Amino acid sequence: MSFISVFDVLGPNMIGPSSSHTAGAAVIAYLAHKMIAPPLKKVDFTLYGSFAKTYHGHGTDRALLGGIMGFSTDDTRIRNSFSIATERGLSYSFTPCETETDVHPNTVDIRMENDAGQVIRGESLGGGKCRIARINGVEVDFTGEYSTVIVVQQDKPGVVAHITKVLSDKGVNIAFMRLFRESKGNTAYTIVESDGHFPEGIEKPLKNNPNVHDVMIIEP
């Protein structure tokens, strides 16, 4: 029998009625907002499964919008996400999709736009937990429960060695490290999770490689 934490039963501190439909949604969007440089100008949410059916009644829309603005699951501003987004000049939309059924029941695609763009797919797993399943169409897998660095790179020899050397030189203890490749093309994502915080400014030495395009840091 697998271990179940009391926190999995009780759920997180949160605004809203459902750990899956509100807290989990807020966490997905919060992680997404850490993965694009500000200022965020526009965000479009495409909802699947039960998200698509109940997003308004369960407050999933407010939670997603709050998370994308950096609100935590227990931030009371989530209740007023719509008006706050309008005040900030953030354009947003929600599109339910009930035709695509081969997805996790609580799935959302988040398309973010500033000067560039980013598309994140997240799945709410229950108890306020989630999984990021795609970045720009590339299948990935991480939860945001650990300090995480995401390196966007050309899939070429030596890049992973460069990443591990930088992290080793900075004294980072690696808990998990995985490489996710684009099915067609040569873009890859190296995702490193650590049980400690990443040193400030670690992005600069990681980017000091011609095959590294971008570095994203997510602290839990």
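Strand β5 (residues 129-135) pairs with β6 in the antiparallel sense over three bridges. Here strands are DSSP runs of E with at least two residues, helices are runs of H or I with at least four, and both are numbered from the N terminus. Two strands count as paired if DSSP finds at least two bridges between them. As for who faces whom, I132 has F142 as its bridge partner in β6.

Some housekeeping before going on: this is a predicted model, where local features need pLDDT of at least 70 and side-chain atom pairs count only at pLDDT 80 or more, while totals for chains, interfaces and linings use all residues. Residues are numbered from 1 along each chain as its sequence is written, and side-chain values use heavy atoms, with hydrogens and water left out.

## The rest of that sheet

β5 and β6 belong to an open sheet of six strands, ordered β2-β1-β3-β4-β5-β6, with mixed pairing. At its edges stand β2 (91-97) and β6 (138-142); each has a single partner strand, so one side of each is left without a neighbour in the sheet. From one strand to the next, the twist averages 20°. Such angles run from 0 to 180 degrees between N-to-C directions, with axes as lines fitted to C-alpha atoms.

## The four-stranded sheet

There's also an open sheet of four strands, in the order β8-β9-β7-β10, and its pairing is antiparallel. The edge strands, β8 (174-181) and β10 (212-218), each pair on one side only. Here the strand-to-strand twist averages 15°.

β7 (residues 147-154) is joined to β10 by six bridges, the two strands running antiparallel.

## The largest pocket

The largest pocket has a volume of about 490 Å³. A pocket is an open set of points on a 1 Å grid over the protein atoms alone, with protein on both sides within 12 Å along at least five of seven lines; lining residues have an atom within 4 Å of a point. The volume is the space filled by probe spheres set on the points.

Its lining takes in 23 residues, with H33, I36, A37, P38 and N114 lying nearest the centre. The elements giving two or more residues to this lining are β4 (117-126) and β10, and β10 gives the most, with three. By type, the lining splits into 14 nonpolar, six polar and three charged residues.

## The whole chain

Stepping back, the chain has seven helices and 10 strands. Its radius of gyration is 18 Å, close to the 17 Å that the globule rule gives for 220 residues, so the chain is as compact as a globular protein of that length. That radius is taken over C-alpha atoms, and the rule is 2.2 Å times the number of residues to the power 0.38.

Along the principal axes, the C-alpha atoms fill a box of roughly 50 × 45 × 35 Å. Buried residues make up 46% of the 220 in the chain.

How values were computed: On a 1 Å grid over the protein atoms alone, a cavity is a set of points where a 1.4 Å probe fits but cannot get out, and a pocket is an open set with protein on both sides within 12 Å along at least five of seven lines; lining residues have an atom within 4 Å of a point. Ala, Val, Leu, Ile, Met, Phe, Trp, Tyr, Cys and Pro count as nonpolar, Asp, Glu, Lys and Arg as charged, and the others, Gly among them, as polar. Buried means under 20% relative accessible area, exposed over 50%, partly exposed in between (1.4 Å probe, protein chains only).
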